[in-house]
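I opened my notebook to jot down what I looked up in this model. Please follow along with the structure beside you.

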Amino acid sequence: KKSEAWSALFSEPMSELVQRYTASVFFDKRLAHADIEGSLAHAGMLAAQKIINAQDLADIQRGMKQIREEIDAGTFEWKLALEDVHLNIEARLTQLVGDAGKRLHTGRSRNDQVATDVRLWLRGEIDLIGGLLTDLQKALVEIAAKNADVILPGFTHLQVAQPVSFGHHMLAYVEMFSRDAERMQDVRKRLNRLPLGAAALAGTSYPLDREMVARTLGMDGVCQNSLDAVSDRDFAIEFTAAASLAMVHISRLSEELVLWMSQSFGFIDIADRFCTGSSIMPQKKNPDVPELARGKAGRVVGHLMGLITLMKGQPLAYNKDNQEDKEPLFDTVDTLKDTLRIFAEMVGGITVKPEAMERAALRGYATATDLADYLVKKGLPFRDAHETVAHAVKAAISHQCDLSELPLTVLKGFHASIEKDVFDVLSLRGSLNARNVLGGTAPTQVLAQVDRHRKRLEQQ
Ligand code: ARG
C-alpha cells in the first residue's frame with residue numbers, strides 16, 4: 001500500500017514495520033485537544049489576515065467541533081498509516097469539510113505545530129501539578145500542626161543527633177514541595193511562548209499575525225527565532241528536571257516512612273489501604289506505596305536523562321528524534337501526578353507514635369549539645385565545653401544511662417559550674433524549647449511556620 005500521507009514523489013509503500021516504527025499516533029493522540037486548539041487559533045488568524053475566507057474558517061470550526069466530539073466519545077478512528085495526531089486530525093477535517101480542511105495547513109508545518117501542541121498540553125498539566133503540590137503541602141502542614149510537640153530524634157549520618165519536633169520534620173518537606181511548585185511556575189514562564197509561525201524552520205511567506213495567535217492561546221509572546229522555535233525542547237527537559245526533583249523529595253520522604261514503619265523504629269503506622277500483605281508471611285504489612293514511589297523516582301530521573309540525551313547531538317533545526325520526547329514526557333507527568341495525589345491522601349493516613357519516638361530520642365545522648373551550651377553560658381569556651389561533655393557521655397555510656405540520669409555529684413565531677421538547673425537543659429523538651437530561633441525546631445517556631453504556610457497555601 002502506498003503511503004497515504006505523502007505526495008506523488010513516493011513510489012513505493014512503507015513496510016508494516018517501518019510504518020509502526022515511524023508512527024507516533026498511538027501515543028501522541030494525547031495531544032489531540034491541544035492540536036485542535038492550536039489549529040483553531042491558527043485558522044482564526046488566517047481568516048483575520050484574509051489568507052483564508054470566512055466560509056473556510058466556519059467550515060474548519062464546524063469540522064473541528066465534530067472531531068472533538070468524536071474523540072471525546074471514543075469514536076474517532078485513529079489510523080497508523082496517517083502517522084501522527086496532526087495528520088490524523090487534518091485528514092478527518094478534510095473528509096468532513098473538504099477544501100477548507102486542506103487550507104488549514106497554510107503557513108504552518110508539523111514542526112511548529114507539534115512544538116506548539118506540546119507546550120499547550122504541558123502548560124495545562126503544569127497547572128494541575130501546581131494544584132496537587134498545594135494539596136500535598138496542605139496535608140503535611142496539618143500533620144505538622146498536630147505534632148508540633150511530638151519529639152523524635154533528629155539524625156545526622158543516621159546517628160542520633162539532637163531532638164527535633166515531628167512537626168518541624170514534616171515542615172522540612174513542605175519547604176521542598178513549595179520550591180518544586182515555584183520551579184514549575186518558572187518552567188511555565190519560558191514554556192508559554194508561541195512557536196507557530198516558524199513553519200518548517202525558516203518562517204513563512206504568508207503575512208501571519210503571530211502575536212494574535214499567541215494572544216488567542218493565552219501565551220505570553222512568540223518565539224523570536226524560527227530555527228529555535230521548532231527545535232527547542234528545553235522546556236520539556238526543564239519540566240522533567242523539576243519533576244525529577246519533586247520525585248526525589250517524595251523519594252526521601254518515602255525512605256523515611258519505610259524506615260519509621262519498620263519494627264526497629266516503630267515511629268509511625270501507615271493506614272492499611274496504602275499497604276499490602278505477603279503471600280507467604282501472615283504477619284506482614286508492607287509500606288508498598290512509599291516503596292513504589294521511591295522506585296518511580298528512578299523512572300522519572302531516567303526520563304530526564306533520556307530527554308537530555310535526545311537533544312545533545314541534534315543539529316538545527318527539527319529532526320525526527322524529537323518525536324521521542326513524548327513518551328518520557330507523558331510518563332513523567334502521569335507518574336508525578338499519581339504520586340502527588342496518593343501522597344496527599346496517605347499523609348492524612350499516618351499514625352504518629354510519640355512514645356516510640358521519644359524513647360528513641362532518649363537513647364543516643366541527643367541532649368549532649370545542650371550540656372555543652374549550658375557550660376558555655378557558665379563561661380567555658382565552646383571547644384572546652386565540647387571536650388568536657390564528651391567525657392560525660394563516655395561515663396553515661398559506661399553506666400548505661402542517659403545524661404539526665406547521671407547524679408548531680410557525678411556531673412559536677414566533669415565541671416564544678418554544673419548545678420541542679422542542668423537537668424532542665426538535659427531533658428528532651430528543654431532541648432527542643434531552647435531552639436527558639438527563626439527556622440528552629442522549638443514548637444512555638446513550628447507553629448509560627450504552620451501559620452505562615454496555611455496563609456500562603458490558602459492563596460494558591
Ligand atoms: N510526530 C512528529 C513529532 O512528534 C511531528 C512533527 C513531524 N515533522 C516532520 N517533519 N516529520 O515530532
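Predicted model: local features only at pLDDT ≥ 70, side-chain atom pairs only at ≥ 80, totals over all residues.

**Entry 1: the annotated spans**

How far apart do the end C-alpha atoms of residues 10-302 lie, and what share of the span is helix and what share strand? I found the ends 38 Å apart, with 63% helix and 7% strand. Helices here are DSSP runs (H or I, at least four residues) and strands are runs of E (at least two), numbered from the N terminus. My residue numbers run from 1 along each chain as its sequence is written.

UniProt, in an unreviewed entry, gives residues 10-302 the feature "domain: Fumarate lyase N-terminal". The UniProt annotation "domain: Argininosuccinate lyase C-terminal", also from an unreviewed entry, covers residues 365-433. UniProt positions are in the numbering used here, feature names are shortened, and annotations may be inferred rather than shown by experiment. For residues 365-433 I noted end C-alpha atoms 17 Å apart, 67% helix and 0% strand.

**Entry 2: domains**

I then turned to the domain assignment, which gives domain 1 (16-106), domain 2 (111-357) and domain 3 (366-450). These bounds come from an automatic or database domain assignment. The C-alpha centres of domain 2 and domain 3 lie 41 Å apart. I see 16 residues of domain 2 in contact with 13 residues of domain 3, where contact means C-beta atoms, placed from the backbone, within 7 Å. On the domain 2 side, α7, β1 (151-156), β2 (159-165) and α8 each supply at least two residues. The largest share, 6 residues, comes from β2. By class, that side has 11 nonpolar, 4 polar and 1 charged residues. I count Ala, Val, Leu, Ile, Met, Phe, Trp, Tyr, Cys and Pro as nonpolar, Asp, Glu, Lys and Arg as charged, and the others, Gly among them, as polar.

**Entry 3: around the ligand**

Which residues are around the ligand? I listed S24, D28, D84, R110, N111, V114, Y318, K320, N322 and Q323; a residue qualifies if its C-beta atom, placed from the backbone, lies within 6 Å of the molecule. The shell divides into 2 nonpolar, 4 polar and 4 charged residues. Helix α7 (residues 110-146) gives the largest share, 3 residues. Domain 1 and domain 2 both give residues to the shell, so the ligand shell lies between them.

**Entry 4: a helix pair**

I looked at α8 (residues 166-191) and α11 (residues 234-261), whose axes come within 9 Å and cross at roughly 170°. That makes α8 roughly antiparallel to α11, a label for angles over 145 degrees. Axes are lines fitted to C-alpha atoms over the stretch in contact, and angles run from 0 to 180 degrees between N-to-C directions. Among the contact residues are Y173, F177 and M184 of α8 and F239, L245 and H249 of α11. The contact has 12 nonpolar, 1 polar and 4 charged residues.

**Entry 5: backbone notes**

A cis peptide bond joins L316 and A317, with omega about 0°. A317 lies in the loop between α12 (288-312) and α13 (326-347). I also marked E83, a residue other than glycine with a positive phi, near 65°. E83 sits in the loop between α4 (54-73) and α5 (85-97).

Key
Parallel < 35°, antiparallel > 145°, perpendicular 65-115°, else oblique. Contact = placed C-beta atoms within 7 Å.
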